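This report concerns the structure shown below. Please consult the sequence and the model alongside the text.

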Amino acid sequence: MIQRAKAIINGIVQGVGFRPFIYQLAKKKGLGGYIANTSMGVDIEVEGELGEIENFFQEIHTRKPPLARIVHIERQYLPPQHYKDFVIRKSLVQAHRSALVAPDVGVCDDCLREMNDPRDHRYRYPFINCTNCGPRYTIIKDIPYDRDKTSMASFLMCEKCRKEYEDPVDRRFHAQPNACWKCGPIVRLYQSSNRPVEGVDPISETCKLLKSGKIIGIKGLGGFHLAVDATDGKAVERLRERKHREEKPLALISPSIERIEQYAYVSPLEAQVLQSPQSPIVLLRKKEQNAISSEVAPRSCCFGVMLPYAPLHHLILQEGFLALVLTSGNISEEPIAIDNKEAFRRLSGIADYFLVHNRDIYLRNDDSVVRVLGQKVRMIRRSRGYVPVPVTLDRGIRPTLACGPFLANTVCLGKGNNAFLSQHVGDLENLETFEAFERTIDHLKAILEIDPEVIAYDLHPDYLSTQYATKQTGVRKVGVQHHHAHIASCMAENGITGPVIGLAMDGTGYGTDGTVWGGEILLTNFHSFERVGHFQNVSLPGGEAAIREPWRMALEYLHHAFGKGLFDLPIEFVKRLDPKKAKIILTMIEKNINSPQTSSCGRLFDGVAALLGLRDRAFYRGQAAVELEMEMGGGKGSYSVVIGEEGEELIIPHGPIIRGVISDLIEGIDRRTISRKFHNTLVRLFTDTCIKLRDRRNLNRVALSGGVFQNAFLLAELEKVLLDLGFEVYTHSVVPTNDGGISLGQIMVANAVLDREK
Ligand code: ZN
Ligand code: ZN
Ligand code: FE
């Protein structure tokens, strides 16, 4: 008997080759009906034998295109309509939108093959793409995802392209960015003065210029990059100077895994991530002997490396490079440039030439950064390739906007069971970044059609994101404590509910008592938390300045541990101290001048790094801590510390740690051993804390979050020890453990707080 089934499929099903897949599947099974894109996803009707229909729906799950993601299928059976054929219908525009937009995806193998085939009409075409690859999120203005709603709208397809676009069995069927030499975007080379370089092949010329040590601004998928030959030390040095980027590692791009293996170690899982359609930057351990300039990642044991993802990158890297530096096109911490005019204006002091194209980028999207740790991929920066794929929640939430933190800001829009984290916005400390923040919110609201009823924001009154939140009208506003958000974020991505023991080990976050928190032990539910412990407070002499200058923290820790006697300690750090400056700092601390109290764990890393002579001044956030981790040897030793108690609160003292470090220094113990003992000490302290809380509160779940857990050793070791003790341990993987993951936690907390009110 003939049956008709109607289904609505929700998820990432537009712009990923879903309709041709369904079309071919229905044809193969001899089913009649149709498929159409709607604002909610796709509508499908199929008609035929019941068995075939059931098979059809089964195979949707098992054989769907690689980029498709099905969140929900709603299906019902109806009386037959007697369809004669299976067709792809025109997109339906509906008022209610819940279709998910696909992320930008690296070029696929089929397209690469064509691009490298001299007989193909897209031979060496830098914008080749198909339904399985190419730009998506960064070129979309609105949904449904159709060409006239993208920045491809201004390019009229030639006859050949249109034929592919309209042919349901073609692999470019409804590939919205479809284009060729004849009809699509083109690249052009310009001098930094904005004068075009005529009469040359722009890509070959770019390669020549790179080989002669020039800096090229290259327009990519999510914004401009600055490129130089990574083996040319002088060129890299010049790039650093002009970009005002002193020591922070620069990202590399190499043509193949084989090339990468000439300078870094690549495990099978790392290779898999490098080659994934998301093609993020992956942190890889350097090889001792390598031809990459030492200026690329000074003092770091890792390189951040990616493979080419845009066809344009492939064309450039095919010209015999080992690796190029490919760093974001900005000056120090401003957002990356996306617009051609903007790039000339902002980057002409850095780049010698520009390789630009005329396909507009609507939304900037930085390269994502990941690291493989404990056989898990860990996000450090979740952006291009991953955004806007939602994090699936285990509960439904109100339409909510979370404004995120101050540093490494991302925002998050959520509704129902989906939380959409934005791309990396950056540090909200300048107007440009704040504008990017507002634009990101507006854009996400439009393409996801989420009109927030609730706004979640950080408790810090001075943050631009907080000010943005308080200015909004007609919505409920919920302030969320920074470290509560950290732990809630970890709970949300792991699909668990409270109460849990939350270890939020971090740099800075505004505490409910007005001090600067950052080494917190929180018994956490989504709706509330109890601060059951923290690191003993110290002063932050000079506030922000103490974060930029770890030596100030070292002095403060010494002052705590030894009082005025610190000046008699026979250690290098004290000999190095400028007595005048030291006196000023100590006076600030004693008189409590611009020296807020902090329980930060990150600052303790800074202080110890400075005491060991690793770093007195940090050029980027977390630098001292990163270098302390890298300067680590083996051994099981640790410092003996007893966890204190003040009333109900557990206090982790720093005095015994500092005194231990100093006595080792005096005894001439090498700093690799001291660093290891310091790390071991923290693992033990955190473990002891969890055991105490398990006994007292009968809790067995531990969630680890905060920037300090980017420390690979600490995370891996602590997880292992806790698991051995029978704890259930939850860590971050799909969202960053740093502040990039905060907005997800804010969304969860705000909703739980409102649920409680009811
Ligand atoms: Zn392709
Ligand atoms: Zn064409
Ligand atoms: Fe944080």
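The model is a predicted one.

An open sheet is built from 10 strands with mixed pairing, and its order is 6-13-7-8-12-9-11-10-14-15. Strand 6 (187-191) and strand 15 (376-381) form the edges, each pairing on one side only. From one strand to the next, the twist averages 35 degrees. Within this sheet, strand 7 (residues 216-219) and strand 8 (residues 224-229) run antiparallel and are joined by four bridges; K219 stands opposite F224 of strand 8.

The zinc ion (ligand 2) is held by the SG atoms of C158, C161, C180 and C183, at 2.2 to 2.3 Å. The angles among these four donor atoms are 104 to 116 degrees, and the site is tetrahedral. For four tetrahedral donors the ideal angle is 109.5 degrees. The spacing of the donor residues in sequence is C-x2-C-x18-C-x2-C. Because C161 belongs to helix 4 (residues 159-166) and C183 to the loop between helix 4 and strand 6, this pair ties together parts 22 residues apart in sequence. C161 is buried, with a relative accessible area of 0%, and C183 also counts as buried, at 9% relative accessibility.

Conventions:
Residues are numbered from 1 along each chain as its sequence is written. Chains are lettered from A and ligands numbered from 1 in the order in which they are written. This is a predicted model: local features need pLDDT of at least 70, side-chain atom pairs count only at pLDDT 80 or more; totals for chains, interfaces and linings use all residues. Side-chain values use heavy atoms; hydrogens and water are left out. Two strands pair if DSSP finds at least two bridges between them. Helices (H or I, at least four residues) and strands (E, at least two) are DSSP runs, numbered from the N terminus. Axes are lines fitted to C-alpha atoms, for helices over the stretch in contact, and angles run from 0 to 180 degrees between N-to-C directions. Donors are N, O and S atoms within 2.8 Å of the metal (3.2 Å for Na, K and Ca); water is not among the atoms, so sites may look incomplete. Four donors count as tetrahedral if all angles lie between 85 and 135 degrees; four count as square planar and six as octahedral if opposite donors are over 155 degrees apart and all others between 65 and 115; anything else is irregular. Buried means under 20% relative accessible area, exposed over 50%, partly exposed in between (1.4 Å probe, protein chains only).
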